[in-house]
Amino acid sequence: MYTLNTGDTAFVMLCTALVCLMTPALALFYGGMVPRKNVLTIMMQNFISMGVIAVIWIFGGFSLAFGPDLGGIIGDITFHFGLDGVGVAPSTEYASTVPFILFFAYQLMFAVIAPALITGAFAGRLTFNGYLKFIILWMIFIYLPACHWIWGGGFLAKLGVVDFAGGIVIHVSAGFSALASVLYLGRRTTVRPGEPTVASNLPLVAVGAGLLWFGWLGFNAGGAYAADALASYAFTNTTIAGSVAMLVWLALDWHYSRRPTFSGVLVGAVAGLATITPCAGYVEPWAAIVIGGLGSLVCYFAKGVQERFAFDDALEVWRAHGMGGVTGALLLGILASPNIDRVSASLEQFLMQLLGVIIVAVYSFFVTLIIFKVIDMWGKPIRVTPEEEVAGLDNSILGEDAYKM
């Protein structure tokens, strides 16, 4: 028998609001990082995800992710389609002390931000029409299956793969889809290999980063679905990892660049927050220190891979989110404590985590390439023209300017 708990309900409702805030925060973060001529376009791509994904989630998306399992691959779309059966009674499978409709809303916020993360990779190169088609297909063919595999009772969950708040489901899938997108679209014609790009508004980036950090506390702690000790651990681990990662990135930046950089501090914090996400509710606070430090190291030196293969990931989504998610998911298998939740560190758990990471990363990468190819074959080219790229997408696509100078 499952009984509604008003304290848990209030807590998850707050966490849902915090995760909702993260997509506009990401728009600010990305908007400040890109050149002035593309600020509105990338912010528009983030905000429109809130509308498009919500409609998909209502009409079949939630069902495919969390409906009754069909062969370990996907959920049954006939359950909960159009919010059918999604009411206030707690679920017997998910979030057993809060209204099922609140679980629906909380998971919707995760679905919204997942494709928005990818926009930073192909900034300045994608048509708006192509972007809309992409996020619809990406949600249906990548996010929903990956979500079901791990969180909806699919085959990876049955094998023992765990992911507390989206390190694999969100960060690995988005990060490796981002990598595929930049390889398919190619380099920006206005940026030469190795040429640094200047952020248009670092204070705006700082506001976005601060709001992302604030929202991330609900992003991770809400995974407990209760106002309890587990949520407290996830909450604390999140801010510890972000803080440590920020300092490690600062030290590395200072050492190699011979100066501290504000942009590096902000990116380092985000990398640490991404790394702790899969294991926030499975590790002791001391382990969060290790995870934040190692996550920052891995994400920082992933820059070498990016430079070696010269792929133009404009805002380094693969580096911060993809590799951060991979690192955290694997460290879970090494550092998980049974004193926090049901998962213990072991070789078997590590290998299960490795399997989950490989399957989601490879699947996301290749299906993203197929999605781009299909869009290109059945419509106008998905990439903007060189003239539009030079002029900037704000003016050429939206007919608007972020700043009146």
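User: Leaving aside neighbours within four places in sequence, which residues is Ile-73 in contact with?

Analyst: Leaving aside those neighbours, Ile-73 is in contact with Pro-145, His-148, Trp-149 and Phe-155, where contact means heavy atoms within 4.5 Å. Before going on, please note that this is a predicted model, in which local features need pLDDT of at least 70 and side-chain atom pairs count only at pLDDT 80 or more, while totals for chains, interfaces and linings use all residues. Residues are numbered from 1 along each chain as its sequence is written, and side-chain values use heavy atoms, with hydrogens and water left out.

User: Where does Ile-73 lie, and is it buried, partly exposed or exposed?

Analyst: Ile-73 lies in the loop between β1 (69-70) and β2; helices (H or I, at least four residues) and strands (E, at least two) are DSSP runs, numbered from the N terminus. With a relative accessible area of 44%, Ile-73 is partly exposed, given that buried means under 20% relative accessible area, exposed over 50% and partly exposed in between, with a 1.4 Å probe and protein chains only.

User: Switching to the core, how many residues are in the largest nonpolar one, and which have the most contacts inside it?

Analyst: The largest nonpolar core has 135 residues, and Trp-57 and Tyr-143 are those with the most contacts inside it. Such a core is a set of buried Ala, Val, Leu, Ile, Met, Phe, Trp, Tyr and Cys residues joined through side-chain atoms within 4.5 Å. Helix α3 supplies the largest share of this core, 15 residues.

User: Why is the pair of Phe-62 and Phe-104 called edge-to-face?

Analyst: The ring centres of Phe-62 and Phe-104 are 5.0 Å apart and the planes stand at 75 degrees, so the pair is edge-to-face. Rings of Phe, Tyr and Trp (its six-membered ring) pair if their centres lie within 6.5 Å, and planes under 30 degrees apart count as stacked, over 60 as edge-to-face and the rest as tilted. Phe-62 in helix α2 (residues 39-66) and Phe-104 in helix α3 (residues 100-118) are 42 residues apart, so the pair links distant parts of the chain, and both residues are buried.

User: How many aromatic pairs are there in the whole structure?

Analyst: A search of the whole structure finds 33 aromatic pairs. One of them joins Phe-311 and Trp-318, edge-to-face at 5.5 Å centre to centre with 85 degrees between the planes, and Phe-311 and Trp-318 are buried.

User: Which ring does the charged end of Arg-308 sit over?

Analyst: The charged end of Arg-308 sits over the ring of Phe-309, 5.4 Å from its centre, and Arg-319 lies over the face of Tyr-300 at 5.6 Å from the ring centre. The criterion is that NZ of Lys or CZ of Arg is within 6 Å of the ring centre and within 35 degrees of the ring normal.

User: How many residues of α11 are buried?

Analyst: In α11, 18 of the 19 residues are buried, so this helix is largely enclosed by the rest of the structure. Helix α11 (residues 317-335) should span 27 Å, and its end C-alpha atoms are 25 Å apart, which agrees; the expected span is 1.5 Å times one less than the number of residues.

User: Last topic, how many disulfides are there?

Analyst: The structure holds zero disulfides, a disulfide being a pair of cysteine sulfur atoms within 2.5 Å. For Cys-15, the nearest cysteine sulfur is that of Cys-20, 13 Å away.
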